Amino acid sequence: MKNASFELDDGDYDPFINRQIKKPNSNFGTLIHLVKGSLGTGIMAIPLAFKNGGLFFGAIGIIAVCFLYVHCVDLLVGTAHKACKRYRVPTLGFAETADIVLVNGPSTVRRFASFARNYIDGMLVFHSLLIFCLFQIFIATSLRDVINNQLQIAWSTGVYVAIVTVLIALIIQIRVLKYLVPFSALSNALMIIAFGITLSFLVNEPVSLDNRNLWPEWNRLPFFISTILFAIQGIRFVLPIENKMKHPQNFLGTCGVVSQAIAFLSILYIATGFFGYARYGDDTKASITLNLPSDSRLAEFTRLLAALSALFQMGLGFYVPMEIIWRRIETKIPEDHHNVAQIAIRFGLMTILTAISVGVPDLQLFVGLVGSFCSSNLVLLVPVLVDTVFRWPNDYGPCGWIILKNVILAVFGVLLLVFGTYSSIRRIIKTYE
């Protein structure tokens with residue numbers, strides 16, 4: 001959708017009725033998709049959040065951050081719903097929502113509509129590519145721990161990154177979404193099994209709370225929040241999933257599908273984080289599967305399951321950034337060169353990302369960077385922006401409390417962006433200087 005101004009129309013147009021969806025998802029199906037989008041390798045990093053936040057504050061903090069996430073999703077999707085009705089369009093995507101809101105907003109912000117659209121697309125690409133590096137390191141680290149232990153060798157993580165890249169190079173060349181679905185389904189099944197086995201390791205023996213932090217040090221708070229936002233990581237899927245619903249009016253609300261999904265995830269996050277940190281303490285790693293005992297065949301098998309799950313997910317993860325990139329350059333490339341260009345771009349991107357993974361093969365460093373830089377933008381700042389602009393000039397509630405609330409959220413988002421990103425980059429530099 002190019003920048004275009006629309007006539008305001010809050011009349012009887014119902015965008016939900018005008019959606020043409022061949023196979024819409026039920027409320028339960030939508031719930032499963034939302035949970036699935038946030039129940040990947042991210043949940044394995046939640047014990048790391050408790051390590052930074054402490055046992056008591058960690059539990060409270062997860063509830064608070066998840067509540068904040070639900071509210072920001074409500075801002076984003078709620079604004080998309082109202083914009084669809086006002087401008088008489090059936091559906092809007094993430095970047096499209098910002099574009100249509102700003103181009104029809106106050107004259108002072110209209111010129112930023114194109115920038116906002118490009119910025120959101122850029123953040124989605126950057127977020128997906130960082131996740132690619134993170135998955136690549138996770139797979140390589142898991143294989144390193146298992147193979148080095150079993151064969152009594154000492155190959156570095158970088159060697160395993162190079163080995164894994166051969167398999168990844170084949171998977172990311174799949175361009176048709178329906179062919180990626182079986183890989184995604186298998187990935188989900190493997191992750192559920194791996195998560196179940198991991199949880200059994202965490203609770204099968206009594207844990208000691210001795211020498212476990214209950215509260216965080218102030219300088220670790222950005223890492224705590226960033227890790228939780230990284231684990232949820234579902235904001236980029238929210239509108240595409242909502243746009244496929246049979247009853248999209250049930251998506252939001254106190255008992256809406258989003259609230260149900262995040263409530264369920266909050267319980268899993270608290271259980272995993274509490275028992276993971278309680279068991280392993282300061283030795284807690286960026287993925288709790290990496291803490292499992294090396295003398296257990298079941299633990300080694302679990303690490304391999306989690307690694308395979310991440311591997312099979314990488315094709316779908318690469319699909320999002322390539323769709324955005326290809327949409328922008330497709331018309332500039334002769335049609336008979338499309339196939340070669342697709343292969344070259346995918347292989348070139350993978351080569352650059354692999355070099356980054358080899359250069360910084362530390363999973364924990366990427367977790368904080370993804371959460372602080374990408375999630376603060378996509379989860380906090382963009383939803384607050386579109387909600388504030390759409391409500392202009394006089395829909396800010398009694399005494400303007402909505403604008404005050406949005407300003408507070410924006411300041412929080414900027415602080416997380418600045419201090420979280422700075423801390424993550426500083427940790428990377430200190431680790432490898």
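Analyst: About 70 Å³ of space lies in the largest cavity. The model is predicted, so local features need pLDDT of at least 70 and side-chain atom pairs count only at pLDDT 80 or more, while totals for chains, interfaces and linings use all residues. Residues are numbered from 1 along each chain as its sequence is written, and side-chain values use heavy atoms, with hydrogens and water left out.

A cavity here is a set of points, on a 1 Å grid over the protein atoms alone, where a 1.4 Å probe fits but cannot get out; a pocket is an open set with protein on both sides within 12 Å along at least five of seven lines; lining residues have an atom within 4 Å of a point. Grid points are joined across faces, edges and corners, and a volume is the space filled by probe spheres set on the points.

The structure holds five cavities of 30 Å³ or more. Leu34, Ser38, Tyr69, Val73, Gly234, Val238, Val258, Ala261, Ile262 and Leu265 line the largest cavity. Two or more of its lining residues come from each of helix 1 (27–38), helix 3 (55–87) and helix 11 (257–280). Helices (H or I, at least four residues) are DSSP runs, numbered from the N terminus. Helix 11 has the largest share of that lining, with four residues. By class, the lining has eight nonpolar, two polar and no charged residues, where Ala, Val, Leu, Ile, Met, Phe, Trp, Tyr, Cys and Pro count as nonpolar, Asp, Glu, Lys and Arg as charged, and the others, Gly among them, as polar.

The second largest cavity has a volume of about 60 Å³. Its lining includes Thr41, Phe138, Phe230, Ser287 and Val367. Helix 6 (113–151) and helix 14 (363–391) each supply at least two of the lining residues. Seven residues of this lining are nonpolar, two are polar and none is charged.

Helix 6 also holds Thr141. This residue counts as buried, because its relative accessibility is 6% (buried means under 20% relative accessible area, exposed over 50%, partly exposed in between, with a 1.4 Å probe and protein chains only). Apart from neighbours within four places in sequence, Thr141 is in contact (heavy atoms within 4.5 Å) with Thr157 and Leu290.

Phe230 and Val367, both in the lining of the second largest cavity, also take part in the contact of helix 9 with helix 14. The axes of these two helices come within 7 Å and cross at roughly 75°. Axes are lines fitted to C-alpha atoms, for helices over the stretch in contact, and angles run from 0 to 180 degrees between N-to-C directions. Helix 9 and helix 14 are therefore roughly perpendicular (angles under 35 degrees count as roughly parallel, over 145 as roughly antiparallel, 65 to 115 as roughly perpendicular and the rest as oblique). The contact has five nonpolar, six polar and no charged residues.

Helix 9 (221–232) and helix 15 (401–432) each give at least two residues to the lining of the second largest pocket. That pocket holds about 470 Å³ of space. Of its 17 lining residues, Asn219, Pro222, Phe223, Phe419 and Ser423 are the closest to its centre. Helix 15 gives the most to the lining, 10 residues. The lining divides into 10 nonpolar, three polar and four charged residues.
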